[in-house]
Amino acid sequence: MSPLFAGLATLADPALIALLIAATLAGVLIGALPGLNATTGAALLLPFTLTMEPVAAIAILAAIYCSATFAGAITAILINTPGTSASATTCLDGYPMALRGEAGRALGLAVVASTLGGVFSVICLMIAAPLLARLAYNFSPPEYFALTLFGLSMLVSIGGGSPIKNLIAGAAGVLLATVGTDLLTSVKRFTFGYPELSDGIGFVPVMIGVFGISELLIQAGRISLERKTITMKAVKLPSKEDYRRVWKTILRSSGIGTFIGILPAEGATVASMIGYNEARRWSKTPQEFGKGAPEGIAASEAANNSATGGAMVPTLALGIPGSPTAAVILAGLLVHGLRPGPTMFTDQANFAFAIFWSMLLVNLMFLVIGLYGAKAFARVTLIPVQLLWPCVFMFSIVGAYALDQSLFDVYTALVAGIIGYFMRLYGFSVVPLAIGLLLGGILEQRLGQSMVMLDEKWWLIVTRPLSLLFLVFTALALFAAPLRALFQRLHPSQRNRSNTT
């Protein structure tokens with residue numbers, strides 16, 4: 001049986017289907033809660049998946065990813081507060097439609113666009129990931145080192161803030177990855193006499209801390225904020241006229257979102273912004289955008305949900321996370337002893353395609369859930385934050401402890417949460433820190449293997465064509481923006497011409 005159909009056969013397990021339904025409902029619930037998002041939800045649930053079979057564990061995390069990304073539209077439309085950052089552009093037209101009494105229509109558009117975008121991206125994932133893995137199958141340690149370095153260079157843009165601050169946060173993550181026993185020399189580094197640090201700083205407690213506990217501390221300062229809620233009678237399918245208006249937008253945004261998702265370190269937020277801008281640029285009535293244009297909702301939701309499948313392409317095929325949530329899923333793969341990369345599509349092809357089919361099923365599930373349950377999930381937004389966030393904190397502590405029944409992991413999560421809080425307070429994104437921790441260990445391992453392979457002659461890395469190509473990409477990612485700014489200062493006429501255009 002081919003891996004494609006073998007992966008589909010995995011979904012014949014009723015227990016797995018039940019878990020996917022529960023995970024989809026949980027993802028919609030998480031995404032509908034302002035302040036929580038797919039990354040936070042996946043990080044909080046990660047410890048509880050460690051006792052499951054790898055297929056079920058990663059499928060649940062992927063289900064959270066897909067459904068929570070969609071559910072951010074519920075609060076974006078009803079209370080003008082995006083449940084996730086990827087739905088920020090949905091507010092621009094969703095909330096005005098709700099104010100006109102068309103909340104049901106707006107949610108219907110969001111559900112359909114999200115489903116179509118998600119299905120499109122999963123189909124692309126099934127095709128692109130094996131092809132990319134096949135291309136990478138001939139990689140050796142120097143190529144993997146250069147590729148991982150390129151992935152780290154993309155941290156410049158992943159946080160959405162200052163590139164310098166993103167690099168500082170990413171470098172701090174790489175530094176944290178050096179804690180523990182060096183696999184090549186067996187020397188213990190930065191353990192400070194704590195045997196718990198001999199194996200390094202755990203991914204899971206850090207993920208829980210920087211995403212979950214830091215968000216709790218941030219939200220604690222917003223308790224007094226009031227939100228205006230829009231009433232909604234029912235969620236209904238878009239009309240034929242709506243389909244006629246938005247089908248091109250959905251197709252265009254699905255392609256944009258999938259492509260943006262494949263790029264390492266980008267993600268649904270960037271995809272939704274580009275998809276929305278392109279929809280407005282191609283629209284015959286751009287003046288309606290921001291006032292309740294159906295195309296605006298369709299563009300944002302199709303783009304951000306298609307980015308989920310796209311982000312899984314480099315995550316599974318190369319081991320480079322395509323988004324913050326994909327970084328959590330990558331941590332889940334590593335904790336389960338799975339090594340993303342080309343061998344996943346040869347030695348574990350059935351596992352990979354089972355994940356693909358699971359994501360496809362989840363996208364179809366939240367079509368039904370979104371149409372028939374969005375009104376109920378919208379009531380979740382009325383939960384007092386004074387009750388919500390203490391529950392999130394308790395869930396974080398339990399999740400950190402459940403990993404190894406270790407209080408040290410709890411302390412690690414608390415410290416990571418405090419560090420994450422102050423980072424966000426002073427404009428540093430926590431995402432580069434988390435990805436730096438994930439990729440730092442891989443980078444060091446690949447560098448050590450390369451030194452052994454090249455007989456300690458590190459400069460030979462640049463003599464290998466693919467390694468040199470990735471190193472050039474790394475330099476461009478790091479220095480393209482400063483060089484562009486320098487060019488504009490030296491040639492002000494070019495800057496004026498671009499501004500005029």
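This is a short tour of selected places in the structure, stop by stop. The model is predicted.

**Stop 1: the enclosed helix**

Select residues 90-99, which form helix α5. Eight of the 10 residues here are buried, so the helix is largely enclosed by the rest of the structure. Colour the buried positions: Thr90, Cys91, Asp93, Gly94, Tyr95, Pro96, Met97 and Ala98. Then step just past the end of α5 to Gly101. The phi angle of Gly101 is positive, at about 85°.

**Stop 2: a serine in α15**

Next, select residues 349-378 to show helix α15, and pick out Ser358 within it. Is Ser358 buried or exposed? Its relative accessibility is 1%, so Ser358 counts as buried; the cut-off for buried is under 20%. Now show what Ser358 touches. Beyond its neighbours within four places in sequence, Ser358 is in contact with Leu11, Leu20 and Ala59.

**Stop 3: the cavity**

How many cavities of 30 Å³ or more does the structure hold? There is one. The largest cavity has about 110 Å³ of space.

Select its lining: Tyr144, Leu147, Thr148, Leu318, Gly319, Ile320, Leu330, Arg339, Pro340, Leu439, Ile442 and Arg446. Two elements each give two or more residues to this lining: α7 (141-153) and α18 (431-453). Colour the lining by residue type. Eight of the lining residues are nonpolar, two are polar and two are charged.

**Stop 4**

The side chain of Glu444 forms a salt bridge with that of Arg189, at 2.5 Å from N to O. Glu444 counts as partly exposed because its relative accessibility is 29%.

Side chains of opposite charge can pair when their charged atoms come close. The count for this structure comes to six salt bridges. The next two stops visit others.

**Stop 5: a pair within α11**

Select residues 240-262, helix α11. Show the side chains of Arg244 and Glu241, which form a salt bridge with their closest N and O atoms 2.5 Å apart. Why are these two about one helical turn apart? Arg244 and Glu241 are three residues apart in α11, so about one helical turn separates them. An α-helix has 3.6 residues a turn, so residues three or four places apart point the same way.

Check the surface at both positions. Arg244 is exposed, with a relative accessible area of 53%. Glu241 counts as partly exposed, at 41% relative accessibility.

**Stop 6**

Arg245 forms a salt bridge with Glu288, and the closest N and O atoms are 3.2 Å apart.

Arg245 is partly exposed, with a relative accessible area of 26%. Glu288 counts as partly exposed as well, at 32% relative accessibility. Through salt bridges that share partners, Arg245, Glu288 and Glu295 join into one network.

Definitions and conventions: Residues are numbered from 1 along each chain as its sequence is written. This is a predicted model: local features need pLDDT of at least 70, side-chain atom pairs count only at pLDDT 80 or more; totals for chains, interfaces and linings use all residues. Side-chain values use heavy atoms; hydrogens and water are left out. Helices (H or I, at least four residues) and strands (E, at least two) are DSSP runs, numbered from the N terminus. Buried means under 20% relative accessible area, exposed over 50%, partly exposed in between (1.4 Å probe, protein chains only). Contact means heavy atoms within 4.5 Å. On a 1 Å grid over the protein atoms alone, a cavity is a set of points where a 1.4 Å probe fits but cannot get out, and a pocket is an open set with protein on both sides within 12 Å along at least five of seven lines; lining residues have an atom within 4 Å of a point. Grid points are joined across faces, edges and corners, and a volume is the space filled by probe spheres set on the points. Ala, Val, Leu, Ile, Met, Phe, Trp, Tyr, Cys and Pro count as nonpolar, Asp, Glu, Lys and Arg as charged, and the others, Gly among them, as polar. A salt bridge is a side-chain nitrogen of Lys or Arg within 4 Å of a carboxyl oxygen of Asp or Glu.
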